[in-house]
Every structure is written in C-alpha cells, then in structure tokens.
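Let's take a friendly walk through this model, strand by helix by side chain. Have the sequence and the structure open beside you as you read.

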Amino acid sequence: MNFSIRKGKVNDCPAILGLIKELAEFEKESDAVVVTIEDLERDGFGINPLFNVLVAENKNEIVGMAFYYYRYSTWKGKTIHLEDLIVKNEMRGKNIGSSLYGALLKQAYKEHIKRVEWVVLDWNTPARDFYLSSGAKILNGWETVQMDEKGLKNYISRN
C-alpha cells in the first residue's frame, strides 16, 4: 500500500471530522461528537492553534490521523498528549496506524519532548497490545478524571 504522512492542513478538516465520527462509532459513542468543521478550522489552524494533526493520505484521500496537542508537566516539562490515533476501518491492517504512531514518536524525540501520553479503552485489546508491544506502559492506579459541561454548570451554580 502506498500512503504518505504529512502535517494536516485546514482543508483536511472535513476528512478529520469524518475520522472523528468513525472513531466515535467504533467506541459506541456516535451521538457524543459535537465538534464541527468550523471548530476544527478555528481551533487547529487559527492564530493560536490548540491542536496539531498528522494525516495519512492514500491517493489524495485522508485515511488516518494522529490528533495531538502539547502539554506541560510540572515534573517533566514539555509533553505531547495524543488525543486520537484513527485509521479508517477499511484501511486497518495496512501499517497506517503504526506509521502515524511512529511519525509522532519520532517528532517528539526530535523536539526533546519528555513524555508522550494518551488513554486507551480497557476493552480495546488490539490497541492495548500494540501499545505494549511498542514499549509503552499502561499505568495502573491512574484513572482519567473529567468534568463535562453539565458538571461545570452544576459546580459553578453551587459555588
């Protein structure tokens, strides 16, 4: 399979949103996606981008992406959070996901990033096995904590 990996561009936003929706479907959360093409254009390609994306392209079609942003650890310094690594369902098993993953890790190494981190669903055994085989660690004892929009509103109304 012939594909290339490159930095995402603003005109990739419709394909990026399509991949996000495909991932949500895979994770049985298809109704959870509220982000729009306009949000992606503004937040990823505006004056102060909030995220970056590497895309895998095959025959002028976006078939996968690594969606990430920079964070800062008080213990380690500059880190990268890999928000999503997505490959179109029909393109899986063609080395696209591992190539995107490798491209991001090589970029992080070149930039002297201290840590790359992400979350993986406990039931996604193929992804967990892939990450472990690459040398990544799945941290025991750390759990993801989130407060959604409703929780924010409730908190603010009580305080």
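## An enclosed strand and its surroundings

Strand β2 (residues 52–58) is largely enclosed by the rest of the structure, because 7 of its 7 residues are buried. Buried here means under 20% relative accessible area, exposed means over 50%, and partly exposed lies in between (1.4 Å probe, protein chains only). Strands (E, at least two residues) and helices (H or I, at least four) are DSSP runs, numbered from the N terminus.

A word on the basis: this is a predicted model, in which local features need pLDDT of at least 70 and side-chain atom pairs count only at pLDDT 80 or more, while totals for chains, interfaces and linings use all residues. Residues are numbered from 1 along each chain as its sequence is written, and side-chain values use heavy atoms, with hydrogens and water left out.

In a regular strand the side chains alternate between the two faces of the sheet. Both faces of β2 are covered: one side carries the buried residues Asn52, Leu54, Ala56 and Asn58, and the other carries Val53, Val55 and Glu57, also buried.

What does β2 pair with? Strand β1 (residues 4–7) runs antiparallel to β2 and is joined to it by 4 bridges; two strands pair if DSSP finds at least two bridges between them. Serine 4 has glutamate 57 as its bridge partner in β2. Strand β3 is also antiparallel to β2, with 7 bridges between them, and alanine 56 is partnered by glycine 64 in β3. The hairpin of β2 and β3 has 2 residues between the strands, and lysine 59 takes a positive phi near 55° there.

Now to helix α2 (residues 37–45), whose buried residues are Asp39, Leu40 and Gly44. These residues lie on the same side of α2 because they cover an arc of only 95° around the axis, the arc being that of the directions from the helix axis to the C-beta atoms. They pack against α1 (13–26) and β3 (61–73), where contact means heavy atoms within 4.5 Å. Glu38 and Arg42, on the other side of α2, are exposed.

## Charged pairs

The structure holds 7 salt bridges, each a side-chain nitrogen of Lys or Arg within 4 Å of a carboxyl oxygen of Asp or Glu. Three of them are among those listed here:

| Salt bridge | N to O distance |
|---|---|
| Arginine 6 – glutamate 57 | 3.2 Å |
| Arginine 42 – aspartate 43 | 2.9 Å |
| Arginine 71 – glutamate 117 | 3.1 Å |

The arginine 71 pair links distant parts of the chain, from strand β3 to glutamate 117 in strand β5 (residues 115–117), 46 residues apart. Arginine 71 counts as partly exposed, at 37% relative accessibility. Salt bridges that share partners join Arg6, Asp12 and Glu57 into one network.

Arginine 6 and glutamate 57 are both buried. Arginine 42 is exposed at 52% relative accessible area, whereas aspartate 43 is partly exposed at 22%.

## A nonpolar patch

Which residues form a nonpolar patch on the surface? Met147, Leu152, Tyr155 and Ile156 do, with about 430 Å² of accessible area together. Patches take residues with over 30% relative accessible area and no salt bridge, joining like charges within 9 Å and nonpolar side chains (Val, Leu, Ile, Met, Phe, Trp, Tyr) within 5 Å. Accessible areas come from the Shrake-Rupley method with a 1.4 Å probe, and for residues only the protein chains shown count as cover. Tyrosine 155 lies in helix α5 (residues 149–158) and is partly exposed, at 42% relative accessibility.
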